[in-house]
Amino acid sequence: MARILLLYLPSFVGLIWDALPRFSIAWSVAGSFFIAIITQTRWFREPDDDIPVTQRLLRPISVYQFYFLGFQVVGSAFYALNAAGYNFHGQVAMPQESKLELIAQLQSYMLLAHASVMAGMKLVGFKYGKPRYVIPALPPYGLILISFISLGAGTVATMISPLYNLGLKLFDLSLTAILVETWLSVRRGHFTNQALTLSVLGFNLFGQILSGWKGLVLWSAITLGGMFFPLMPKRVIVVGTAFFLFWVLFLHPFGQLYRPLTWYYEIKPEIAIEMAKEYALNLTMEERLDNLWETMIDRVNDMWQFEKYVQHVPDRRPYYGFDLIQEAMIALVPRILWPEKPDLERVAMQRVYEAGVVSENTPVSAKTSFYIDGYLSGGWLAMALASLGYGVVAVFVSRACERLFGGYDIGTCFIYVGLFTFWINSGPNFLFFVGAIWTSFVTMFGLFVAGRGAGWIVPARPAQAAP
């Protein structure tokens, strides 16, 4: 109980600073860093083994913190600095005092949500125990084979409308299998595997860069970093920092031009590549920094949306109560069983249009986040309760993956990362969160049954431990 109460201490103390917006914002940012640090200690986790947290970085207790700090905390800090009139060149505008007051309120809500997610994880506990099933040994190139099978099956599934989401999950598993195979081949010294694995990995990363989704290759790099850190921490830090700077200063500007050229103007990929490359190479450092600043305040936080929702609810519209939870139940019914199932994107965007976040005629997706849906349901208290449940689900799913798939190596690094991590780290709205977790569970069970049938997964003996 003392450990859970400690998580809420920054929120309680933060009530003192309500009248000082700048200090309140700084306190909320510092409070989230405090939570992230304290939750990595053995004192807080009380694990049932002696394995350092750095060797299990892809479990939710660690990887969730990384994304929450990067997106909800650091991104929001940039948003607040912009409201105060600052950018990378110093103070360039007058502070927007009323906006800073609102940001301070929203930051305090996000601090409370952070504490509640961690409290939910702590309630489930971090004693993973021994797996109920183990994978004695994967055949040579087993994960590469799984990757190709998943890729083929995913391609077929995406051609069938009711199975489209399943196809996307199989694509995620295909990529994740290559990431895990790369890590395991290096860790185990299987040098004969590395040439093929690295070739496939390079092909996949190149495909991610040209997909138009700028964050995919960064996500893959972060996942690889979490796997390789226990083996070579200094190299991961150096290479990871260099790659992040390359992504920020070159790949991101490249993607900003490449995506609209191919998505909206239908320019041939080879021409779009040359145009985007020239654009990214010819930017000045000042232009790159300005581009980074705009990205941080417009894309790497939810504050610009959250402001509009807080101003809309409950002053102009009552809280939604249980409406958003009931709406999320739609996602539990597979489209193959309900052909007339509503378009989930359209359903989720209704509250976005209602609050005036974007116009209905604007061709963009600006769905709410999990935390905003919590607030819309009943204010800060509903937001805290929803976040508590969020943390419970995250650790429950993680433990289930490890118990069914032989421990951390396959259970977390392959199954959890491939099927669940994106949704748990990104915090989508209630509707997409329920749908994603449910369909991922169904997919995981299907893989478990297939693995049992193939003889790759067997019941653990009493003396067998997780890898």
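Salt bridges in this predicted model number 11 when the whole structure is searched. One of them joins the side chains of Glu-46 and Arg-3, with a distance of 3.6 Å from N to O. This pair connects distant parts of the chain: Arg-3 belongs to helix H1 (residues 2–14), whereas Glu-46 lies in the loop between helix H3 (42–45) and helix H4 (60–83), and the two are 43 residues apart. Glu-46 has a relative accessible area of 33% and is therefore partly exposed. Arg-3 and Glu-46 also belong, together with Lys-122, to a network of salt bridges.

A further salt bridge is formed by Arg-59 and Glu-402, whose closest N and O atoms are 2.9 Å apart. Here too, distant parts of the chain are linked, since Arg-59 is in the loop between H3 and H4 and Glu-402 is in helix H16 (residues 370–404), 343 residues apart. Both Arg-59 and Glu-402 are buried.

The salt bridge between Asp-50 and Arg-42 has its closest N and O atoms 3.8 Å apart. Are these two residues buried or exposed? Asp-50 counts as exposed because its relative accessible area is 70%, a value above the cut-off of 50%. Arg-42, at 42% relative accessibility, is partly exposed.

Attention may now turn to charges on the surface. Glu-286, Glu-287, Asp-290, Glu-294 and Asp-298 gather there in a patch of negative charge. Of these residues, Glu-294 is located in helix H12, which comprises residues 285–298. Glu-294 is classed as partly exposed because its relative accessibility is 41%, which falls between the limits of 20% and 50%.

Methods
Residues numbered from 1 in each chain as written. Predicted model: local features only at pLDDT ≥ 70, side-chain atom pairs only at ≥ 80, totals over all residues. Heavy atoms only, no water. Patch = residues over 30% accessible without salt bridge, like charges linked within 9 Å, V, L, I, M, F, W, Y side chains within 5 Å. Areas by Shrake-Rupley, 256 points an atom, 1.4 Å probe, with all protein chains shown as cover. Salt bridge = Lys/Arg side-chain N within 4 Å of Asp/Glu carboxyl O. Lys, Arg positive; Asp, Glu negative; His and termini not counted. Charge placed at Lys NZ, Arg CZ, Asp CG, Glu CD. Helix = DSSP H or I, 4+ residues; strand = E, 2+ residues; numbered from the N terminus. Buried < 20%, exposed > 50% of the residue type's maximum accessible area, 1.4 Å probe, protein only.
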